[in-house]
Amino acid sequence: MKSESLDKKPGDWLETMRHSAAHVMAEAVGALFPDAKFGIGPSIENGFYYDFELPRPLTLDDLPTIEDKMKEIVAQNVPFVREEVTKEEAHRIFAKQPYKLELIDELPDEKVSIYEQGSFTDLCRGPHVASTGEIKVFKLTHIAGAYWRGDENRPMLQRIYGVAFPDEAKLEDYLARQAEAMRRDHRKLGKELDLFSIHEEIGPGLICWHPKGALIRRIIEDFWKEEHIKRGYEIVYTPHIAKLDLWKTSGHWDFYRDYLYSPMEVEGQQYLLRPMNCLGHILIYNSQIRSYRHLPLRYAELGTVYRYERGGVLYGLARVRGFTQDDAHIFCRPDQIEDEVAGVVKLAQFMMSTFGFNDYDLLLSTKPEKYAGTVEMWDKATESLRHVLEGLGLPYEVDPGEGVFYGPKIDIKLRDAVGHAWQGPTIQVDFNLPQRFNVCYIGDDGAEYQAIMIHRTVLGSMERFMACLIEHYGGAFPVWLSPVQAIIIPIADRHNDYAHQIGNELQQEEIRSKVDDRVERMNLKIREAQLEKIPYMLVVGDKEVASAGVALRLRNGEDAGQKSILEVKTMIGADNEAYR
């Protein structure tokens with residue numbers, strides 16, 4: 001046996017410390033529940049988790065007790081000791097731990113590594129910090145269910161999550177950001193702002209857009225169409241179902257079957273709800289002979305698709321079963337690939353900045369374990385994407401094995417105001433589907449050549465993008481996106497006619513407004529307008545009627561004083577056009 005020390009960069013040390021904290025938590029849980037069965041316990045972003053089979057369900061009230069036991073173990077400053085043992089010896093050590101035995105049996109080597117900290121032993125590759133005393137500041141945060149090995153046919157274990165940091169200040173900062181994230185949770189704000197709902201009667205993961213949410217979505221979609229038409233895209237519409245054979249030809253049936261809805265039979269033919277929009281666009285392209293002079297062709301569609309996601313991963317608007325992609329497919333010649341990809345990257349940057357996202361990460365996702373086409377195709381496509389990113393001077397990271405089955409891709413992860421990452425634009429170069437569907441063009445020599453297909457979105461899905469927008473702005477959307485831009489609040493019934501007159505004037509200027517003429521106190525109306533996050537509140541009473549003005553309040557609580565109607569229209573109009 002030997003004690004292990006680390007000589008690593010700070011980032012590596014932090015990840016290792018978090019992994020070690022998971023082992024300390026496992027020891028604490030084992031001390032409190034002697035019959036516990038242990039799963040796995042890795043480090044994750046900001047912290048760690050460990051999966052357990054326990055004699056009873058845990059509650060949040062159990063977490064402080066587990067934390068206290070962890071603190072005792074940390075205070076003992078016990079060394080982490082690594083040892084290699086044979087599989088036979090490992091079977092003896094973990095004889096009462098069925099999940100560990102399963103892992104041992106799957107390991108390829110004859111010897112396996114274990115770690116001991118005092119009387120606790122765990123199966124682990126490591127590394128760990130030198131001793132439990134190096135585990136600094138930690139907190140257990142929540143409990144969740146987790147199927148063993150992620151398989152819903154296996155036992156459901158209890159997963160305890162925790163966070164760990166080098167010092168108390170970083171923990172406090174993290175907890176403050178988490179509290180702010182909870183206040184911005186799109187599921188909570190979606191209900192409070194009356195934007196959308198999900199109904200068990202319809203089914204999980206299927207969204208009903210309420211008038212306000214639908215209005216925001218329409219504004220986004222109209223803007224999206226306008227900008228695409230400016231850039232030479234043509235809008236198309238394709239069916240929501242297609243014959244199953246089409247999806248077999250494309251490879252989607254073989255590669256994604258677990259995420260597709262079951263086929264339906266119609267007049268002796270099997271049909272499938274579409275999981276993608278690309279095949280309809282291919283068939284439009286193939287409906288006539290194309291010349292090299294026609295290319296590139298850019299087809300765009302706000303196309304709704306359907307994918308079967310397990311119930312346990314559904315999450316508000318961010319993970320759903322029916323969603324609308326801001327989809328487009330570009331058909332081009334090989335010599336046009338890089339220019340087209342560069343154009344998409346620039347469009348994505350424009351769209352992101354317009355909606356207020358200036359912090360994002362670019363990933364180059366490469367060939368997955370299961371893929372279609374040849375290695376040569378993949379290498380060409382990957383190099384095209386790499387060359388574009390480098391040519392534009394954009395920093396990126398390689399994400400190995402995360403491409404889709406038909407080609408590599410550029411993924412852009414948006415970061416919202418509290419630092420959460422969201423899947424945003426994606427750009428994929430595809431040699432494979434054009435080959436499967438004989439997508440060709442006639443060259444200048446009269447010969448037939450295979451076209452290249454670029455799949456791309458510049459927002460992602462409308463549902464997930466809305467979730468991201470809600471949380472980024474905390475529901476206080478920019479004026480141009482706000483479903484109600486101004487609310488007119490009469491102080492008394494005698495001011496209602498004047499309030500409606502102002503409302504009509506604003507509507508004539510295409511300013512979205514409403515009048516709150518309920519028989520309620522003015523302060524209550526103002527408070528409710530602030531909770532609705534309406535940008536402008538126009539209060540009118542005797543003084544305002546006499547001066548043909550308003551008393552202006554802003555949603556941040558600022559009292560902007562007396563304003564003329566023209567001043568208000570000018571202010572709102574300027575804010576409304578600011579995105580342009």
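Helices (H or I, at least four residues) and strands (E, at least two) are DSSP runs, numbered from the N terminus. The model is predicted: local features need pLDDT of at least 70, side-chain atom pairs count only at pLDDT 80 or more, and totals for chains, interfaces and linings use all residues. Residues are numbered from 1 along each chain as its sequence is written, and side-chain values use heavy atoms, leaving out hydrogens and water.

**View 1. Helix 5, end to end.** At its start, a side-chain oxygen of D167 comes to within 3.2 Å of the backbone nitrogen of A169.

**View 2. The buried side of helix 5.** L171, Y174, A181 and R184 are the buried residues (under 20% relative accessible area, 1.4 Å probe, protein chains only). They lie on the same side of helix 5 because their arc around the axis is only 140 degrees (taken from the directions from the helix axis to the C-beta atoms). Their cover includes strand 8 (137-147), strand 9 (156-165), helix 6 (186-192) and helix 14.

View 3. Eight strands line up as 12-16-17-24-21-20-18-19, with mixed pairing (two strands pair if DSSP finds at least two bridges between them). Strand 12 (234-235) and strand 19 (397-399) are the edges, each pairing on one side only.

**View 4. Strands 20 and 21.** Strand 20 (residues 409-415) and strand 21 (residues 421-430) run antiparallel, joined by six bridges. I410 has I427 of strand 21 as its bridge partner.

Terms used. Buried < 20%, exposed > 50% of the residue type's maximum accessible area, 1.4 Å probe, protein only. Contact = heavy atoms within 4.5 Å. Polar contact = N/O pair within 3.5 Å; in protein donor to acceptor, adjacent residues only side chain to side chain.
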